[in-house]
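Biologist: Could you walk me through how you read a model like this one? I'd like the general idea each time, then the case at hand.

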Amino acid sequence: MTSRGPAFLRDRPPSLPRRAGIGRGRFILLMLLPATALLVGLTIIPFLVSLGFSFTNYSLVTPDETAGIWLRNYRQLVASEEFWSALRVTLIFTTCAVAIQLGLGVAIAVLLHHETRAVPALRLLYLLPLAITPVAAVFTFRMMFNPTLGVFNFLLKEVGLPAQDWLGTPGMALFSILIVDTWQWTPFMLLIAIGGLAALDEEPLEAAAMDGAGPWQVFRHHTLPMLFPYLVVAVVFRAIDAFKTFDIIFVLTGGGPGIATRTLNLLAYKQGIEFLSLGYAAAIAIVMLIVTIVASQALLRKVGLFKPKAIL
Amino acid sequence: MTRLLFPPSGGLHLPITRRGMLRASAILAGAGLLSAKGAPLWAQDVYAEFEPLWKAAAIDWTRHSGTTIQIGALSHPWTDAMMPLLPHFTRLTGIEVNLTPQSETEYVAEMPVKLGAGNATPDVYMVWALGQAIEAGWLAPLDEMEANPDISDPAWYDAADVFNSGRSFEKWSDGVTYTRAITAEAQTMFYNQTMLDGAGLAIPATMDELHAAAVALKSDDVAGIVLRAKATGDAAAWPAGGWVFSHGGAIIDPASGAVGLTSAGTVAGVDSYARLLRDAGPVGVGNYHWMECLNDFMAGAAAIGGDSSNFASDIANPEKSTVVGQVSYGALPSAAGLPAKPNMWHWTAGINANSTNKEAAYLFLSWATSKPTSALAAAAGLATSRASAWGTSAFGDRFGAQAASAALANLTAADGDLFKAAWFHPKAPQILDAFAIGVNEAVTATKDAATAMADAAAKLDGQL
């Protein structure tokens, strides 16, 4: 048996692939093939096709007139006021959504971390929003936000507060969308934070408490830094997802009032599905991809620079 | 003398006499009642009565027996009315029909991709953007099939019975017929007569009177008026279009094809619409689509409404509405001495240009829009595109005689050219999106009407 290759392969009994009459390299390739085929078929090829479309004027209405126009879609995009408005709305929404959900998720996780009898039931309750079909839930929220017949304004009136135009003004519409997104996605943050807390080594925390640190100090200077790597993963996943949010905004406001809640994803939908300008829509999608990659890489690099001492 | 109940111009092979009509309408009334309870309109006796009316056509109905066709349709009153009738078609022709309705959002998103990819199905589909579909080549011309005596009998079909506006939807500007009109809708006003009487108000005849009445009827619990104002092309654009047309404006000028958003009439129409909703609309009207408007009106949370005449069926349905028996329907008020030009709409259906079952699809289209089938659909409350169906007592009972009368008056007053210039434009989605955003901005007071329309026009500049 050759001594080359990773240890875990060297240590494996060589009999299985040899008995099958297949070389180890071919065996590995064979095992990788299904995943690779899926990756190529479902991710790489569609991405390359989209990238190709973004350099054309491809429209479903006039497919026979498709021609290469190089960077014109991108130039048109950055010159358009709609794009910058949509990018601004997307960034505000993503930042606010992730920040609120991170804070709430961690806070609830810490509360649930101390065992009580009600914890299993509470965990289930908190995770329910993740199990509900998003569009059905958002339609329910749409009815609840109805200024005339909705339950939110009914409750406000019951306590003597004025009715709100939840979805009809630019500021309130974004705020209402954040409420729904937070309801739906805080459980995701909670899930990761709970997992992280359960995996933490309790010794440093107990030692800090014995040294006289209060609960807040233990949390601020020990628990949070130790939890940090888990939270970064949660933030990256959630931020990528929030950046692409579509269903909540589409159902609640359709991007309005005006274009106050029109995000990049909604803009791409409008161009691609309503206006059938697939080349232009593909350019928007590629820009979204670039923004996502750059932002997530920047975040991950920053985490690498500020690794918490507890982990080191 | 035998009096014909249907217009005589078509020369039906089997004249429909008063006696025959009485018998048929009795069946229709019964069928309507049955269908109202969820029982089928495909009952044996209904088929037996209508079979001679279909077979009166000099059409070889069984020519494509054994074929299966797919119908692309969204959840809509036409689909609801047509689905129980499909077994009749299968029995008449031997052609199986698959129809699975989709939500409008799903339908509008999926169909362009399907058709754009050259898919052969659906064979027949409801056309959501006619100009776009024709420019893309997604619709098969019907003229050649109409001239084929094996599958077409123009005398029996009696196109003259179809509303003029409906026929104008079917024929494109190149003179080619691409679709058949399947519904007729007109912008119609709904008044909660109890509230109007309570305030001592008459039904408004002018826009100024409408504004005054809506403001007078507004209270903490009830909106004076409810109209669509959501910033999407399928929401605010249609009712606001009627206001614009009635103020002498245009979204797209039918004569020149140019964007008409900055014309004085258009700005005046948008300003009138926006002021009305700001002064008398419900809180949050900036996010109102037709569903919110209908819900508010049926819940008694709005005194006046103005939308598609098709709402009458829901408003008169005691399972959905709390204002049954309290509603009067009326014409769109006129503005400053100008004629009222309510907006209108005919849903149309056409044949997929790539369909491999074009003749079978044509048979279905002819059957679905024929006089007998339209009468059956009308008995279920569908506002079809045929005058004869609107004249049946079963339709009057189901839709409401006064609602039908108001809808017809509005349909007659509508200016199809103004509508078609915008809604049938190949870039209609872009145009209506920009217009709706402008209307929404004016309603929510983000911008004044003139600025909102100027910005919308600027957005379209270079796109058309």
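This is a predicted model: local features need pLDDT of at least 70, side-chain atom pairs count only at pLDDT 80 or more; totals for chains, interfaces and linings use all residues.

Modeller: Let's start with the overall build: chain B has 23 helices and ten strands.

Biologist: How does the radius of gyration of chain B bear on whether it is compact?

Modeller: You set the value against what the globule rule gives for the chain length. For the 464 residues of chain B the rule gives 23 Å and the model has 22 Å, which is close, so chain B is as compact as a globular protein of that length. Its C-alpha atoms fill a box of roughly 60 × 50 × 40 Å along the principal axes. Buried residues account for 57% of chain B. And of the contacts in chain B between residues at least 6 apart in sequence, 75% join residues at least 24 apart.

Biologist: Which residues touch the most other members of the largest nonpolar core?

Modeller: The general idea first: nonpolar side chains tend to be buried together in soluble globular proteins. Here the largest core has 205 residues, and those touching the most other members are A:Ile284, B:Ile225, B:Val270, B:Ile304, B:Phe364, B:Phe435 and B:Val439. Helix H22 (residues 428–443) of chain B gives the largest share, ten residues. Domain 1 and domain 2 of chain B both contribute residues, so the core lies between them.

Biologist: What is B:Phe364 in contact with, leaving aside its neighbours within four places in sequence?

Modeller: B:Ile69, B:Phe89, B:Ile95, B:Val97 and B:Val124.

Biologist: Back to H22(B): is it buried or exposed?

Modeller: You count residue by residue. In H22(B), 16 of the 16 residues are buried, so the helix is largely enclosed by the rest of the structure. You can check its length too: at 1.5 Å a residue, H22(B) should span 22 Å, and its end C-alpha atoms are 22 Å apart, which agrees. Just after the helix, B:Ala445 takes a positive phi of about 60°.

Biologist: How far apart do the domains of chain B lie?

Modeller: The assignment gives domain 1 (14–139 + 141–177 + 347–384) and domain 2 (185–344 + 424–460). Their C-alpha centres lie 31 Å apart. The contact takes nine residues from domain 1 and ten residues from domain 2. On the domain 1 side, helix H6 (residues 130–135) gives the largest share, four residues. By class, that side has four nonpolar, four polar and one charged residues.

Key
Residues are numbered from 1 along each chain as its sequence is written. Chains are lettered from A and ligands numbered from 1 in the order in which they are written. Helices (H or I, at least four residues) and strands (E, at least two) are DSSP runs, numbered from the N terminus. The radius of gyration is taken over C-alpha atoms; the globule rule is 2.2 Å times the number of residues to the power 0.38. A residue is buried if 20 or more other C-beta atoms lie within 10 Å of its own, exposed if 12 or fewer, and partly exposed in between; C-beta atoms are placed from the backbone. Two residues are in contact if their C-beta atoms, placed from the backbone, lie within 7 Å. A nonpolar core is a set of buried Ala, Val, Leu, Ile, Met, Phe, Trp, Tyr and Cys residues joined through C-beta atoms within 7 Å. Domain bounds come from an automatic or database domain assignment. The expected span of a helix is 1.5 Å times one less than its number of residues. Ala, Val, Leu, Ile, Met, Phe, Trp, Tyr, Cys and Pro count as nonpolar, Asp, Glu, Lys and Arg as charged, and the others, Gly among them, as polar.
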